[in-house]
Amino acid sequence: MDFNMKKLASDAGIFFTRAVQFTEEKFGQAEKTELDAHFENLLARADSTKNWTEKILRQTEVLLQPNPSARVEEFLYEKLDRKVPSRVTNGELLAQYMAEAASELGPTTPYGKTLLKVAEAEKQLGAAERDFIHTASVSFLTPLRNFLEGDWKTISKERRLLQNRRLDLDACKARLKKAKAAEAKATCEGDTVPDFQETRPRNYILSASASALWNDEVDKAEQELRVAQTEFDRQAEVTRLLLEGISSTHVNHLRCLHEFVKSQTTYYAQCYRHMLDLQKQLGRFPGTFVGTTEPASPPLSSTSPTTAAATMPVVPSVASLAPPGEASLCLEEVAPPASGTRKARVLYDYEAADSSELALLADELITVYSLPGMDPDWLIGERGNKKGKVPVTYLELLS
């Protein structure tokens, strides 16, 4: 019990000394040991990294889960170390409502059939969204959260310890400065030759004794300063190494950012493919809907379905495939170029919108080539004696 009381008293004394030193520094009444410019830059970069990581993390969570109540629920489950229950996505819920509506309104009617088709597509979109949320959480959110809850807490702890070591060092410097000033004053008083005719010659003896005491105090203060300087230097080196590790954190976050972009690209490509298939299926329902007479527009040019753009330009007319001045040229009259033909594998089934297009079946091989002035989103495809326009996004060029 006595040992604990002594330790408690010692800790209280250290805390009081640091508080006094900190207060005097704030009021400009005490000197403060300044860190070098490189160390200050490391501190500023670490703080900036922490602040922006927090903002990116929070906004990504909003992107993946816009419902604030759901985010709070997931946060509580994580803090309680319990598994987050599976949640139905908005697309899957919409698909469920559409399927129930079709069942009640009549699944054999044009409206009911369309509802079922759209419900199936919405269910696929919901499943793709679920996969995207999971992938983004694992590959992007988790590393950012680990940095904030792990590495940054360690850095913050060591920075607080460095601040305490600096306060101890500056307090020792101030104590040594005061002890030297008192020693110098006592020495000056002790150097005065006493007048032994005085009734109180003991003043000289007292001055000499005070000088010796202050000399001991200076030695003690110098010893404490050396210890405090050593501890401060050691802690500064530890903190510096941790701060320099922020560069490795940036590299890791860069890799995670690439993974996030990859998963997002895959997600949107899947959504685009599902909706494109749905649009084609709805177009096969005769007499279900009379809309614009313009044919469905093809996707932008791309050699991979995962990188297809979401915008859809207007389908060029047959005349636009021919060079200027030859608008009336028919595809049957166009001979393939002597060089420039390539083999291509069909990625998806494609139903020709008119006689100028070539219908495609998945995994079949065709010969393709381009003509001068032709829209880059389309190629001329040949299969045996058949020839017609084919969209680039439905092909994988082989050679």
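Q: Before we start, what counts as a helix or a strand here?
A: Helices (H or I, at least four residues) and strands (E, at least two) are runs assigned by DSSP, numbered from the N terminus. Thr 249, for example, is in helix H7.

Q: What kind of model is it, and how are residues numbered?
A: The model is predicted: local features need pLDDT of at least 70, side-chain atom pairs count only at pLDDT 80 or more, and totals for chains, interfaces and linings use all residues. Residues are numbered from 1 along each chain as its sequence is written, and side-chain values use heavy atoms, with hydrogens and water left out.

Q: Back to Thr 249. Buried or exposed?
A: Thr 249 is buried, at a relative accessible area of 10%. Buried means under 20%, exposed over 50%, partly exposed in between (1.4 Å probe, protein chains only).

Q: What is Thr 249 in contact with, leaving aside neighbours within four places in sequence?
A: Phe 147 and Asp 151. Contact means heavy atoms within 4.5 Å.

Q: Which residues touch the most other members of the largest nonpolar core?
A: Phe 132, Phe 140 and Leu 243, out of 34 residues. A nonpolar core is a set of buried Ala, Val, Leu, Ile, Met, Phe, Trp, Tyr and Cys residues joined through side-chain atoms within 4.5 Å.

Q: Which helices supply at least two residues each?
A: H2 (37-64), H5 (110-190), H6 (202-244) and H7 (246-283). H5 gives the most, with 16 residues.

Q: And what does Leu 243 touch, not counting residues up to four places away?
A: Phe 39, Leu 42, Leu 43, Arg 45, Ala 46 and Ile 155.

Q: What other core lies apart from that one?
A: One of 19 residues, among them Leu 358, Val 368, Tyr 369 and Met 374.

Q: New topic. Where is Glu 357?
A: In the loop between strand S1 (342-346) and strand S2 (365-369). Glu 357 is buried, with a relative accessible area of 7%.

Q: Which side chain does Glu 357 make a polar contact with?
A: Tyr 350, at 2.6 Å. A polar contact is a pair of N or O atoms within 3.5 Å; within protein, one must be able to donate a hydrogen and the other to accept it, and residues adjacent in sequence count only if both atoms are side-chain atoms.

Q: How do S1 and S2 run?
A: Antiparallel, joined by four bridges. Strands pair if DSSP finds at least two bridges between them. Lys 343 has Thr 367 in S2 as its bridge partner.

Q: What about S1 and S5?
A: S1 and S5 (residues 395-397) pair antiparallel over three bridges. Arg 345 has Glu 396 in S5 as its bridge partner.
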